[in-house]
Amino acid sequence: MTARGQQSSGREIERLTRAVEAFTSATATLEQAYRALQDRVATLKEELEEKNRLLQESLERQRCLELEALRHSRLAAMGEMAATLAHEVRNPLGSMELFASLLLEDLGDRPGARHLVSQFAEGIKDLNHLVSNILGFTRSPVARHTTVDVIAAIEDSLRYTTPLLAENRIGIVRQYDQEAVVALADPELVRQVFMNLIRNAVQAMEEGGTLTVSAARGPRVVAAFADTGPGIPSAVGNRIFDPFFTTKERGTGLGLAVVNALVEGLGGDVTVQSQAGRGTCFTVRFPAAEDAGDAAVARAAGHDAC
């Protein structure tokens with residue numbers, strides 16, 4: 001091959017080499033761009049899946065809110081109806097209770113008949129208590145804050161439930177502060193709270209037992225009701241104040257819900273301590289009346305009745 005031919009062949013090889021290098025570089029660039037595009041597509045796919053998930057959750061929440069709103073609407077309608085019925089039932093119940101008390105007086109010399117009428121009277125009291133719970137749950141009573149002798153309120157509630165306690169073989173142990181225990185609350189609502197807690201304790205002690213009631217004054221007025229029943233299962237402990245929830249064969253599940261609502265409405269709080277096989281203690285705390293005595297406050301500070 002001549003020198004000119006060799007020179008021409010060298011230039012061709014050089015051009016071919018540059019072309020191969022340019023092709024290789026372009027291929028590498030394309031591969032890099034393709035990988036970047038793949039990464040971007042994967043990222044967009046993940047973002048789309050996340051947005052779809054969020055959209056699905058949002059739609060699910062919206063459906064839940066719609067169902068909850070419908071449920072609340074139905075409950076409100078049922079509550080209004082229950083309140084109306086309870087109010088209408090309370091009037092004849094009051095007359096029946098009055099007639100039963102008069103009949104008991106007339107039957108003083110007939111113990112057999114008197115016993116039957118007393119059972120009838122207790123049934124009326126139970127119905128009246130149920131009506132009060134329904135009204136207490138469906139309506140928000142306006143609290144009439146005044147000074148309340150908590151010990152006297154407990155004793156009034158115990159007197160009212162004496163037949164119920166005796167029938168169920170429930171003994172009473174009292175643990176009261178020597179000083180005045182005066183709360184700032186509504187006396188009628190306080191008695192309703194105590195009545196519900198006493199009845200709840202009786203229902204818990206199906207085989208009989210002991211109910212320990214206590215009252216003390218600390219930074220707040222404390223009243224406690226401790227039973228010797230089987231205790232509350234830990235699995236349902238956080239639901240006991242839910243309306244219509246009950247672990248008992250009897251009962252509407254409104255008693256403790258009413259207690260919680262009334263106590264909160266009075267500016268207090270209610271807590272529960274329970275141990276399997278050793279009973280349950282409900283502790284209610286009310287604001288203390290200012291004139292109840294600073295000495296009792298200092299002496300009983302931090303006192304817990306349970």
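1. Leu 98 is a handy place to start: its relative accessibility is 48%, so Leu 98 counts as partly exposed. This is a predicted model, so take every value here as computed from it. Leu 98 sits in helix H1, which covers residues 3-106. Together with Phe 99 and Leu 102, Leu 98 makes a nonpolar patch on the surface, and the three share about 310 Å² of accessible area. As for how such residues can line up, an α-helix has 3.6 residues a turn, so residues three or four places apart point the same way.

2. Now the overall picture. The chain contains 7 helices and 7 strands, and along the sequence they come in the pattern α-α-β-α-α-β-β-α-β-β-α-β-β-α. Of the 306 residues in the chain, 32% are buried. If you count contacts between residues at least 6 apart in sequence, 74% of them join residues at least 24 apart.

3. On to the sheet. Five strands make an open sheet in the order E2-E4-E5-E7-E6, and the pairing is mixed. Strand E2 (170-176) and strand E6 (269-275) are the edges, each pairing on one side only. From one strand to the next, the twist averages 15°. As background, strands of a sheet pair through backbone hydrogen bonds, either parallel or antiparallel.

4. Here are the pairings, working across the sheet. Strand E4 (residues 209-217) and strand E5 (residues 221-226) run antiparallel and are joined by 6 bridges; in this pair, Ala 215 has Ala 223 of E5 as its bridge partner. E5 also pairs with E7, in the antiparallel sense and over 6 bridges, and there Ala 224 stands opposite Thr 283 of E7. E6 and E7 are antiparallel as well, over 7 bridges, with Ser 274 opposite Thr 280 of E7. E6 and E7 form a hairpin with 3 residues between them, and Gly 277 in that turn has a positive phi of about 80°.

5. Why is E7 described as largely enclosed by the rest of the structure? Because 8 of the 8 residues of E7 are buried. Both faces are covered: Gly 279, Cys 281, Thr 283 and Arg 285 are buried on one side, and Thr 280, Phe 282, Val 284 and Phe 286 are buried on the other.

6. Helix H3 (residues 150-160) lies across E2, E4 and E5, and runs at about 175° to E2. In helix H6 (residues 255-265), the buried residues are Leu 256, Ala 257, Val 258, Val 259, Asn 260, Leu 262 and Val 263. After H6 comes Gly 267, with a positive phi near 80°.

7. Leaving out residues up to four places away in sequence, Asn 168 touches Val 202, Met 205 and Gly 208. Arg 169 also belongs to the loop between helix H4 (162-167) and E2, but at 52% relative accessibility Arg 169 counts as exposed. The phi of Arg 169 is near 55°, a positive value in a residue other than glycine. For context, most residues other than glycine have a negative phi. I'd look at the backbone of Arg 169 in the viewer.

8. Last one: which residues does Ala 288 contact, leaving aside its neighbours within four places in sequence? They are Val 182, Ala 183, Leu 184, Arg 217, Pro 219, Arg 220 and Val 221. Ala 288 itself is in the loop between strand E7 (279-286) and helix H7 (294-299). Ala 288 and Arg 217 are 71 residues apart along the chain, yet 7.4 Å separates their C-alpha atoms.

Conventions
Residues are numbered from 1 along each chain as its sequence is written. This is a predicted model: local features need pLDDT of at least 70, side-chain atom pairs count only at pLDDT 80 or more; totals for chains, interfaces and linings use all residues. Side-chain values use heavy atoms; hydrogens and water are left out. Patches are made of residues with over 30% relative accessible area and no salt bridge: like charges are joined within 9 Å, nonpolar side chains (Val, Leu, Ile, Met, Phe, Trp, Tyr) within 5 Å. Accessible areas come from the Shrake-Rupley method with a 1.4 Å probe; for residues, only the protein chains shown count as cover. A salt bridge is a side-chain nitrogen of Lys or Arg within 4 Å of a carboxyl oxygen of Asp or Glu. Helices (H or I, at least four residues) and strands (E, at least two) are DSSP runs, numbered from the N terminus. Buried means under 20% relative accessible area, exposed over 50%, partly exposed in between (1.4 Å probe, protein chains only). Two strands pair if DSSP finds at least two bridges between them. Axes are lines fitted to C-alpha atoms, for helices over the stretch in contact, and angles run from 0 to 180 degrees between N-to-C directions. Contact means heavy atoms within 4.5 Å.
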